[in-house]
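Work through the two exercises below with the sequence and the structure side by side, and try each task before reading its solution.

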Amino acid sequence: MNNKTPKAPKGYWSNGRFVKPEEIALEEVGPPSKTQLKAEADEKQALGEALLTLRADLMARLDLPDKLLDALKEARRITNFEGRRRQMQFIGKLMRPLDMTPIRAAIDEQANGSADLTLALHLAEQWRDRLLADDDALSQWLTDYPATDSQQLRALIRQARKDIAKPETPGEAPRHGKSYREIFQLVKQAMAQEPEA
């Protein structure tokens with residue numbers, strides 16, 4: 001027979017309730033440490049550095065405060081290392097109250113391209129390849145995009161089929177002429193003006 005008494009749970013009584021150590025850790029959040037604050041400041045300064053190279057259309061979408069926009073403009077003008085470093089610290093300070101999510105998204109979009117744009121380009125490439133490979137694809141295209149100049153498209157398809165050069169060495173991709181690229185541009189523009197239903 002085992003005469004050991006069970007261990008008492010760790011914790012303490014406070015205001016009529018028993019508080020366990022796990023609950024104590026959750027309650028003691030406190031202010032952020034200096035290390036956390038420094039890491040956040042460094043991240044905002046790095047995002048400010050990335051904002052210097054952001055395209056104008058993406059910058060306009062962010063709706064940043066005028067004071068920050070002026071500071072960014074000034075940072076682009078400064079060539080002195082120490083002056084620029086201090087200006088970037090100032091930009092980081094101005095960015096503290098801002099929500100970083102849209103800024104990160106805009107920087108990511110510039111770096112990796114918009115998912116919608118990438119999809120549109122892939123669809124245009126697929127349509128171009130279908131138009132060159134299959135005569136029935138042209139009638140399907142004209143049904144989906146009736147505003148297309150059918151004579152111009154037919155002429156480009158005929159010319160692109162003639163221009164496809166056989167590779168000189170086996171394993172190389174076939175070379176395409178100017179009309180191949182023009183079909184892509186025509187398809188891309190038509191899809192942008194009149195998205196398929």
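Predicted model: local features only at pLDDT ≥ 70, side-chain atom pairs only at ≥ 80, totals over all residues.

Residues are numbered from 1 along each chain as its sequence is written, and side-chain values use heavy atoms, with hydrogens and water left out.

**Exercise 1.** Determine which residues of helix H8 are buried and what covers them.

*Solution.* Helices are DSSP runs of H or I with at least four residues, numbered from the N terminus, and buried means under 20% relative accessible area, exposed over 50%, and partly exposed in between, with a 1.4 Å probe and protein chains only. In H8, residues 136–144, the buried residues are Ala-137, Leu-138, Trp-141, Leu-142 and Asp-144. Seen down the helix axis, these buried residues fall within an arc of 165 degrees, so they line one face of H8; the arc is that of the directions from the axis to the C-beta atoms. The face turned away from the buried side carries the exposed residues Asp-136 and Thr-143. The cover over the buried residues includes helices H7 (115–133), H9 (150–163) and H10 (178–193), where contact means heavy atoms within 4.5 Å.

**Exercise 2.** Describe the aromatic pair formed by Trp-127 and Trp-141.

*Solution.* Rings of Phe, Tyr and Trp (its six-membered ring) pair if their centres lie within 6.5 Å, and planes under 30 degrees apart count as stacked, over 60 as edge-to-face and the rest as tilted. Trp-127 and Trp-141 are edge-to-face, at 5.0 Å centre to centre with 70 degrees between the planes. Trp-127 lies in H7 and Trp-141 in H8, so the pair ties together parts that are 14 residues apart in sequence. Trp-127, Trp-141 and Tyr-145 form one aromatic cluster.

Definitions and conventions. Helix = DSSP H or I, 4+ residues; strand = E, 2+ residues; numbered from the N terminus.
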